[in-house]
Amino acid sequence: MTVRDVLRAAIEYLERKGVDSPRVDAELLLAHALGLSRIQLYTEHDRPLTEVERAAARALVERRGRREPLAYVLGEWGFRRLTLATDARALVPRPETEVVVERCLELLKRLEAPRVVDVGTGSGAIALALAQERPDARVWATDSSGDALSLARANAARLGLAVEMRNGDLLAGLEGPFDLVVSNPPYVLAAELDELQPELLAEPRAALVDQGQTESLARAARDVLDGWLVVEVHERRARTVAASAEALGYTEVTISADLAGSERVVEARWQKATSNRR
Ligand SMILES: C[S@@+](CC[C@H](N)C(=O)[O-])C[C@H]1O[C@@H](n2cnc3c(N)ncnc32)[C@H](O)[C@@H]1O
């Protein structure tokens, strides 16, 4: 069988399995298995595959057919300028979270050597992107999942980025003041789980299901902040989170949209000296 034959068979197989983007996924998986670029799949379409190559490609395509997230099957995923290792220990970093990082960079623009903490770091995506794009920042990251934190640590090591990782609840054990507390907390309601694609259900439950972390974090962050709280939110709950931040005494509360135009990021200011804690 040639590259073209195997690619065609993989696309048809993924289509039958209900995968959303069978062609792109098949191309990425085959390219990964063969150590080729996607373009080379077409420039080398007549090349016959060895038995070993076919077995490697088949194993990856079958995993995807079982609706394992593409990022887990590939074992790595792009996030801003980074390529992060990805597996079932943590959520796959999403494009909307890149907008969260964008907002953080904007808010930190005029600060030198800012102190930043990413709560619920998962693969380390936000913390590592901030460490890379603001090399003068001192960055901490926490996660209550030891598995997620082990992946974040591995990503930090492989990228050579310095982030201080802590295993624990929200901001436990961290001493402020921080210029920025950022988080993409779990925000899927338990009642919404049935509507989710099988791929999402393969991600850790603790990374998905809302257990009130956004509200708890907004409360706790007041003890360590002298700056900005930035949180990613469910698109239908941005206004609720913004109103709750105001009720907690935060000022300059604003909502930003993600690349799809959904209300996705809430940011709010807490100034130690002047804030009116409620
Ligand atoms: C939606 S995932 C976000 C992962 C990563 N920040 C990203 O954006 O790709 C939420 C993360 O928060 C962690 N988490 C959930 N509850 C937590 C808590 N109370 N304290 C610290 N981390 C928590 C989960 O283990 C998970 O890694």
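A backbone N or O atom of leucine 170 sits 2.8 Å from a nitrogen atom of the ligand. This is a polar contact, defined as a pair of N or O atoms within 3.5 Å; within protein, one must be able to donate a hydrogen and the other to accept it, and residues adjacent in sequence count only if both atoms are side-chain atoms. The model is predicted: local features need pLDDT of at least 70 and side-chain atom pairs count only at pLDDT 80 or more, while totals for chains, interfaces and linings use all residues. Residues are numbered from 1 along each chain as its sequence is written, and side-chain values use heavy atoms, with hydrogens and water left out.

| Residue | Atom of the residue | Atom of the ligand | Distance |
|---|---|---|---|
| Aspartate 169 | side-chain N or O | nitrogen | 2.6 Å |
| Leucine 170 | backbone N or O | nitrogen | 2.8 Å |
| Asparagine 184 | side-chain N or O | oxygen | 2.9 Å |

On its own the ligand has 600 Å² of accessible area, and the protein covers 94% of it. Accessible areas come from the Shrake-Rupley method with a 1.4 Å probe; for residues, only the protein chains shown count as cover. There are 18 residues around the ligand, and Gly120, Asp143, Asp169, Leu170 and Asn184 come nearest. A residue counts as near when one of its heavy atoms lies within 4 Å of the molecule. The shell is made up of seven nonpolar, nine polar and two charged residues. Here Ala, Val, Leu, Ile, Met, Phe, Trp, Tyr, Cys and Pro are nonpolar, Asp, Glu, Lys and Arg are charged, and the others, Gly among them, are polar.

The next topic is the interior. In soluble globular proteins, nonpolar side chains tend to be buried together. A nonpolar core is a set of buried Ala, Val, Leu, Ile, Met, Phe, Trp, Tyr and Cys residues joined through side-chain atoms within 4.5 Å. Buried means under 20% relative accessible area, exposed over 50%, and partly exposed in between (1.4 Å probe, protein chains only). The largest core has 32 residues, of which Leu130, Val163, Leu180, Val182 and Val230 touch the most other members. Among the elements that give two or more residues to this core are α7 (125–133), β4 (138–143) and β6 (178–183). Helices (H or I, at least four residues) and strands (E, at least two) are DSSP runs, numbered from the N terminus. Apart from this core lies another, of 26 residues, including Leu174 and Trp270.

Serine 123 is placed in the loop between β3 (115–119) and α7. Serine 123 counts as buried because its relative accessible area is 2%. Beyond four places in sequence, its contacts (heavy atoms within 4.5 Å) include Leu84, Pro93 and Asn155. Alanine 10, in helix α1 (residues 3–16), is also buried, at 8% relative accessibility. With neighbours within four places set aside, alanine 10 is in contact with Ala26 and Val61.

Backbone geometry comes last. Most residues other than glycine have a negative phi, and most peptide bonds are trans. Arginine 67, in the loop between α4 (51–65) and α5 (70–74), has a positive phi near 65°. Glutamate 252, in strand β8 (residues 251–257), has a positive phi of about 50°. Arginine 67 is buried, with a relative accessible area of 13%, whereas glutamate 252 is partly exposed at 44%. Glycine 176 and proline 177 are joined by a cis peptide bond, with omega about 0°. Proline 177 belongs to the loop between β5 (164–167) and β6.
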